Amino acid sequence: MIRSVIILVIITFCFSCKQNKSNTLLNDGMWRAQLKTKNGDALPFNFRVIKSETDSISLEILNAEEVITVDEVEIIGDSIRIQPPIFEGYIAGIFTENSINGKFIKESLDRAVTFSAKYGEKQRFLNTSPANFDVSGSWETVFSDSTKSRYEAKGIFEQTGSKVTGTFETPTGDYRFLEGVVAGDSLKLSAFDGAHAFLFLASYKDRILDGVFYSDNHFEEPFRAKRNDNFTLPDADSLTFLKDGYDEFNFAFPDKEGRMVSLKDEKFKNKVVLVQIMGSWCPNCLDETKFYMDYLSNEHPKDLEIVALAFEYAKTQESAFKSLERLKKRMELSYPILLAQYGTSNKVEAQKKLPMLNHVLSYPTTIHIDKKGEVRKIHTGFNGPATGEKFREFKKEFQEFTEALRNE
């Protein structure tokens, strides 16, 4: 069914591509978009349309303080295709000056999510009532309690009036820049970054938040949270480690030219090496990659190398390398990305490719290796800029630890 929907949308768009280009363009200014979740709830976000002097169109997707510039917008006839940066997913549909109706599509996953947008609506969540409580602070949170999928998280929020920003930190990364409202006794938060579409809906009673987390239209899980400013998550450096019987980390995976690259290669000898386990589809990995690029640009280290191992859900090797090249080009990435796996991003399958690890718990995960080839630390996940103080602490710790390795 999903495959048929994707094909229908693509055929509709391609048919319109044969028509003459229309003079109609999207109105510039603020828009409100929404996706449909698994149970039919609206997952809203805002974007701004910007017209150039030549009438070309770009968008800015807005999530709290995050602004994502989208400069790949194709309009032909009454059809539109919006391609967010880096990620595979795109929006395709039919438009007028004031509206868009279509699908948010991820072809490799055979997913199509109903999408609509209206011009001039600046509110993220509509028909809200005054706030009856203040969610500001830290919240000890459990997702999918009483199941095998149970995990803990830390909600960190700031509220001004009824507006709320913040995120959930987890042992494997954060849910990035969430924005929403407290309306009456309800908390509503959402985010869309071109890869993930998140919606959190919760009710507040007896100092407890009870809610449901939705990821576009394919996933939902319950969560419960209580205020606890002293709550901490497990140490991210203790979750992944070398299994007994292994005294080193190594790999051999191909680059885009088909050359096999290994830690035994000359370029890695007598250098500190950071091995990044990641995927081009992963926003937390993108946050981490930006951080590493900033570090390389600022420090220009001659005695340090970074190499990324990509685990891609693209169905073919060709399409996987295409996604990786898009990532490298858009981010002007200076370190190599090797293709470790394609066809699935399943972590159990990923661990088979790296059998020396106890597990692959998170994308991203970084293995820190000293100049003698010894694994000195494995950092699971990445809590990025949306986490505020947590991110600032991480940057300081990373700088100090990496400098110590380089000085050995």
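Let's start with strand β12 (residues 163–170), which runs antiparallel to β14 and is joined to β14 by four bridges. This is a predicted model, so take what follows as a reading of that prediction.

**Around β14**
- Strand β14 (residues 178–183) is mostly covered, with six of its six residues buried.
- On to β15 (residues 186–192): five bridges tie this strand to β14, and the two run antiparallel.
- Glu-179 turns up again here, as its bridge partner in β15 is Ser-190.
- A hairpin is what β14 and β15 make, with two residues between them. In the turn, Gly-184 has a positive phi of about 60°.

**The nine-stranded sheet**
- Nine strands line up in an open sheet, in the order β4-β3-β2-β1-β9-β8-β7-β6-β5, with antiparallel pairing.
- At the edges you'll find β4 (66–70) and β5 (72–76), each of which pairs on one side only.
- From one strand to the next, the twist averages 25°.
- Strands β6 (residues 79–83) and β7 (residues 90–95) run antiparallel and are joined by four bridges.
- Look for Ile-82, which stands opposite Ile-91 in β7.

- Another open sheet has five strands, ordered β23-β22-β21-β24-β25, and its pairing is mixed.
- Its edges are β23 and β25 (375–380); each has a single partner strand, so one side of each is left without a neighbour in the sheet.
- The twist here averages 20° from one strand to the next.
- Five bridges link β24 (residues 365–369) with β25 in the antiparallel sense, and Ile-367 has Ile-378 in β25 as its bridge partner.
- Helix α3 packs on this sheet, touching β21 (272–278), β22 (304–311) and β23, and its direction makes about 145° with that of β23.
- Helix α5 (residues 389–407) packs on the sheet too, touching β21, β22, β24 and β25. Its direction makes about 160° with that of β25.

- Glu-332 lies in the loop between α3 (317–331) and β23 (337–341).
- Is Glu-332 buried or exposed? Its relative accessibility is 66%, so it counts as exposed.
- Met-293 is 39 residues away from Glu-332 in sequence, yet their C-alpha atoms are 8.9 Å apart in space.

Definitions and conventions: Residues are numbered from 1 along each chain as its sequence is written. This is a predicted model: local features need pLDDT of at least 70, side-chain atom pairs count only at pLDDT 80 or more; totals for chains, interfaces and linings use all residues. Side-chain values use heavy atoms; hydrogens and water are left out. Buried means under 20% relative accessible area, exposed over 50%, partly exposed in between (1.4 Å probe, protein chains only). Two strands pair if DSSP finds at least two bridges between them. Axes are lines fitted to C-alpha atoms, for helices over the stretch in contact, and angles run from 0 to 180 degrees between N-to-C directions. Contact means heavy atoms within 4.5 Å.
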